[in-house]
Amino acid sequence: MKVSRRDLLLGTAGLTAGIFFTPVPWKVLDDVSIWTQNWPWIPQPPRGPVATKLASCTLCSSGCAIRVRMAAGFPVGISGAAFHPLTKGALCPLGFATHQLNWHPARLREVRHRGRTASWDEARAAFEKAASEGPIAIIDGRSGRATSTVLQSFAAKHNGSYEVALSAEEKSLSPYAQWSGTPVSSLGYDLENARSIVSFGAPLLDGWGIPGRFTHLWSERAAGKSDPQSRLIQIEPALSRTAAAAWRWVPICQGTEALLAASLARVLLDERLVPVQGPVPQGSLTDAARQTGMTPTAIRELAYTMAERRPTLVIGADENPAIAALNVLLGSLGTPGGIVKKSVHPSPAPPSRVLDKPLRAALIDSTVPWDYVPSSGAEVFRFAAWDGGGNRADWLLPTPGFLEESTDLPTPPTSAVAVYGISPNLLTASAPVKTAAEFLQQVDSTLPTVDQTIHARCKEIFRARRGSVHSEKQSPVASFESAAKLEEALRSGGVWLDEWTPAFPLKCSLKEWPTDNPTHSPLNWASAWVPPVMPTLAAKLYRESSLREPPQRSQS
Amino acid sequence: MKRDLLVFVVGVALALAAGWVVFPRVLYSHRSQPVDFLHKTHAEKSGTADCESCHAFNSDGSFAGLPQNDTCAGCHADKLGTSPAEAKLVDAYLKTQTSTPWLVYSRQPANVWFSHAIHVKRAGLACGDCHGTLGASDEKRLYEQDRISGYSRDIWGHSISRVRRAPHDGRTMSDCEDCHHKRHVEVGCFGCHQ
């Protein structure tokens with residue numbers, strides 16, 4: 001039988017048609033997709049004993065308690081720990097994947113000097129030379145840590161300045177710090193006791209402050225209720241997710257927040273809605289209404305609503321003294337449900353010390369966000385675990401990645417109660433890295449070490465005998481035999497929470513109504529920096545997924 | 001016309017034969033276990049009928065998985081019989097203190113977190129619900145590995161068509177999801193892919 005070209009074509013057509021009635025295409029497709037996930041250059045955790053350890057997330061100043069699942073000594077999974085008194089098991093989406101950041105392609109593994117590879121010795125020699133030639137600045141992104149003490153000590157001993165790059169939440173507290181003389185790190189928002197919260201664009205449900213704190217509060221007291229226990233009034237030009245979920249959204253024109261705050265103050269004072277007296281802002285209600293896009297009646301109603309159910313807490317998105325002044329008028333300073341002063345345990349963050357002369361060099365700690373760019377001609381020594389690209393630093397100095405450094409976690413900026421934790425180093429760094437504190441200790445061996453400061457703080461907490469350590473179980477500080485035992489509990493992932501004190505006195509007085517333009521020294525880089533706000537995706541992922549650990553699970 | 005149809009049908013038949021018969025044989029490579037292990041014989045001779053005697057849980061509740069050499073050495077520190085398998089175990093692994101490289105039929109890939117403790121202790125599943133009668137037989141099974149994905153054949157299931165012979169046949173993600181749906185237990189993506 002002769003096989004023709006037609007036969008071949010028909011046979012091939014039959015084979016092609018028939019193959020789709022076999023598992024070949026589907027199984028091969030499935031296998032190839034799996035094969036692409038297992039290429040040899042994709043890091044794979046080694047097989048080995050699996051253990052779960054408690055630690056704290058060090059990505060930001062919130063210090064969320066985490067459970068780290070370790071396989072053969074490597075972290076392979078992270079979840080929130082519900083025992084944390086502030087976060088209650090919540091984590092931001094980045095926190096869930098933090099352990100993978102150590103494998104990020106942009107991870108810094110070597111010292112770089114203007115694009116070329118250098119050594120630690122070269123970096124130290126350059127820093128020592130710069131420090132001997134002129135004044136230096138040490139920029140810290142998270143004050144109050146044991147590392148911060150080392151940084152500040154170095155600056156003080158070497159005639160340098162110590163500056164703190166404040167987060168958006170800390171900046172919103174800075175007017176009260178300026179008026180009362182209390183450090184920003186000692187101030188906090190008592191959200192739990194506030195009955196009305198007026199937010200001027202602060203993304204309360206979009207990653208503001210400590211993950212889970214306001215979200216929990218809002219879901220318990222306000223979500224889905226027409227007359228909630230806690231009212232959230234969101235004043236914002238756009239219908240953000242926070243605005244959409246708020247009890248009331250007040251849309252205003254962009255950039256008129258300070259003007260609206262002044263108008264509200266005027267109504268509060270003129271119509272005697274608040275018991276205190278204060279400076280009356282300039283301008284008429286009609287003008288303010290025209291500029292803000294509201295009506296005079298709406299502004300008056302808003303003022304009445306703010307005064308109706310107190311305590312009322314006003315929160316700004318950033319440093320805006322006109323917004324902060326509303327809390328002074330409403331009597332929300334140093335009272336439950338307002339701006340509160342925390343206890344001083346452990347030691348509060350050191351104050352900034354800013355020099356008023358040009359700098360020779362600046363050392364930037366790894367906690368300072370990457371997009372913070374110095375605006376002077378000083379030689380910059382930038383510590384970072386990851387290279388964010390496009391940086392103007394002269395020296396890029398690799399620091400330990402996630403869980404590769406033992407560090408302490410002082411009270412988060414917005415917390416109303418003092419908190420202290422220690423995150424242990426569960427991993428050994430795979431590259432020659434140094435923290436800024438270790439670097440400075442090599443330059444000046446007389447500086448205190450991080451561990452010494454942590455020991456001292458644990459002793460301080462132990463001596464005060466206040467509060468309790470939250471871990472798998474809650475233990476009062478008084479139940480610990482020694483400061484060493486207390487430190488051991490904290491190093492094992494426990495979190496110390498101070499006792500709730502109704503309110504420490506906090507006095508602020510306004511001589512004149514503040515403007516909305518805070519002035520900064522051009523030499524103080526940190527205060528002029530505008531910090532970014534966490535993207536809305538963070539809160540979206542948190543709310544719409546079951547990533548967080550429900551509280552009852554930890555109790556079982 | 002008749003010839004054309006015949007040629008087309010022959011093509012289809014060849015494709016079906018290749019896809020259903022030849023393809024599974026080519027797709028999987030076959031390997032023997034490093035030591036022939038007889039589950040049923042061990043259970044009978046040691047008098048331990050429960051799986052947890054060897055596949056124990058740690059004190060913290062986590063699953064220890066395969067028994068370590070110490071467990072085997074509890075009986076086989078020296079040779080008890082004359083079987084070549086025992087001789088290999090003792091000489092090649094126990095005396096040299098080398099871990100026995102068992103080939104695990106049901107090993108999940110690295111991107112899956114599976115907790116035996118949750119499924120056995122909390123959900124109350126029996127070992128056989130997932131592992132079938134493996135522990136009650138003396139079958140010397142070959143380890144079949146998918147040449148493309150590298151996974152054990154037990155993950156896909158014995159049948160290339162994924163038509164299950166038994167409830168425990170197959171351990172892909174959809175098998176996990178089916179079981180969870182049946183038991184009304186919700187697990188999000190991060191429940192397993194943490």
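**Entry 1. Domains of chain A**

How many Å separate the centres of domain 1 of chain A and domain 2 of chain A? I find 33 Å between the two centres, taken over C-alpha atoms. I note that this is a predicted model, in which local features need pLDDT of at least 70, side-chain atom pairs count only at pLDDT 80 or more, and totals for chains, interfaces and linings use all residues. Residues are numbered from 1 along each chain as its sequence is written, and chains are lettered from A and ligands numbered from 1 in the order in which they are written.

I took the division of chain A as domain 1 (111-167 + 346-497) and domain 2 (169-344); such bounds come from an automatic or database domain assignment. Between these domains, 15 residues of domain 1 of chain A are in contact with 17 residues of domain 2 of chain A, contact being C-beta atoms, placed from the backbone, within 7 Å. On the domain 1 side I list 9 nonpolar, 6 polar and no charged residues. Here Ala, Val, Leu, Ile, Met, Phe, Trp, Tyr, Cys and Pro count as nonpolar, Asp, Glu, Lys and Arg as charged, and the others, Gly among them, as polar.

**Entry 2. A helix pair in chain A**

I looked up helix H10 (residues 257-270) of chain A and helix H11 (residues 285-292) of chain A, which pack at an angle of about 150° with axes 10 Å apart. Helices (H or I, at least four residues) and strands (E, at least two) are DSSP runs, numbered from the N terminus. Axes are lines fitted to C-alpha atoms, for helices over the stretch in contact, and angles run from 0 to 180 degrees between N-to-C directions. The residues that meet include A:Leu259 and A:Arg266 in H10(A), and A:Leu285 and A:Gln291 in H11(A). By class, the contact of H10(A) with H11(A) has 5 nonpolar, 3 polar and 1 charged residues.

**Entry 3. Chain A against chain B**

I find 30 residues from chain A and 28 residues from chain B in the contact. On the chain A side, helix H1 (5-19) and helix H2 (24-37) are the elements that give two or more residues. H1(A) gives the most, with 10 residues. I class this side of chain A as 15 nonpolar, 11 polar and 4 charged residues.

**Entry 4. Chain B**

I record 9 helices and 2 strands in chain B. The C-alpha trace of chain B spans about 75 × 45 × 30 Å along its principal axes. Of the contacts in chain B with a separation of 6 or more, 62% join residues 24 or more positions apart.

Methods
Contact = placed C-beta atoms within 7 Å.
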